[in-house]
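Please open the model in the viewer and follow the stops below in order. Each stop names a selection and then describes what is found there.

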Amino acid sequence: MTTQTDIPTAETGGERRSWLREHSELGVCVLLLALGVLVLTDALTMDVDIAQRGPVGPKTVPVVVGAGLLVIAALLALDVLRGGRGQAEGGEDIDLSEPADWRTVLLLAGVFLGAAVLIEPLGFPIAGALLFWGAAFALGSRRTDRDPLIAAGLSLVTYTVFNNLLGVPLPGGPLMGVL
């Protein structure tokens, strides 16, 4: 049996919660808007040497990305307010009735945090290998004979590509003299 106080009314915020629930995609719009403003603010306040100025300088790509984020946020908000809805995931390997696997999420977060803490003292090759191996373990791989070797190889290749080929300096740690 329902009473008058059990029925959601405008006074209790029931209609407001219902409208927000029906337009929950607006949260993504707000996130995109905030990211766009952040990127544009950072790009426009970037201190650029006068020798680096030109038609395509270091500000160009961040300004384009920031403006793109703002345009996408506005278009998505317009679509949502006009009644557009995102399609539910229809992947054949995903069961939407199952709850999230928080153990895996927390393991991956711990692995990323550990790699961020260890990258400076150990260097990227070792921290990266631990990151790749830990991520493989968190995602279900239990091949202890193969996974560490693949993680070490992947980390060394990544370090070499970024440090030597692309010129992006990564901390080498104790392996600095060897690599």
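A residue is termed buried when its relative accessible area is under 20%, exposed when over 50%, and partly exposed in between, with a 1.4 Å probe and protein chains only. By that criterion, 22% of the 179 residues of the chain count as buried. This is a predicted model, in which local features need pLDDT of at least 70 and side-chain atom pairs count only at pLDDT 80 or more, while totals for chains, interfaces and linings use all residues. Residues are numbered from 1 along each chain as its sequence is written, and side-chain values use heavy atoms, without hydrogens and water.

**Whole chain.** Select the chain and display it by secondary structure: there are 6 helices and 0 strands, in the order α-α-α-α-α-α. Helices (H or I, at least four residues) and strands (E, at least two) are DSSP runs numbered from the N terminus.

Select Glu-25, located in the loop between α1 (14–22) and α2. Is Glu-25 buried or exposed? Its relative accessibility is 19%, so Glu-25 counts as buried. Beyond its neighbours within four places in sequence, Glu-25 is in contact (heavy atoms within 4.5 Å) with Val-80, Arg-85 and Gly-86.

**α2 and α3.** Next, select residues 26–44 and 60–81, helices α2 and α3, which pack at about 160° with axes 8 Å apart. Axes are lines fitted to C-alpha atoms, for helices over the stretch in contact, and angles run from 0 to 180 degrees between N-to-C directions. The two helices are therefore roughly antiparallel, a term for angles over 145 degrees. Residues of the contact include Leu-26, Leu-33 and Leu-40 of α2, and Val-63, Leu-70 and Val-80 of α3. By class, the contact of α2 with α3 comprises 22 nonpolar, 2 polar and no charged residues; Ala, Val, Leu, Ile, Met, Phe, Trp, Tyr, Cys and Pro count as nonpolar, Asp, Glu, Lys and Arg as charged, and the others, Gly among them, as polar.

**α4 and α5.** Finally, select residues 102–122 (α4) and 124–138 (α5), whose axes come within 8 Å and cross at roughly 175°. This pair, α4 and α5, is therefore also roughly antiparallel. Among the residues that meet are Leu-108, Phe-112 and Ile-119 in α4, and Phe-124, Leu-131 and Ala-135 in α5. The contact of α4 with α5 has 15 nonpolar, 2 polar and no charged residues.

Notes:
Angles under 35 degrees count as roughly parallel, over 145 as roughly antiparallel, 65 to 115 as roughly perpendicular and the rest as oblique.
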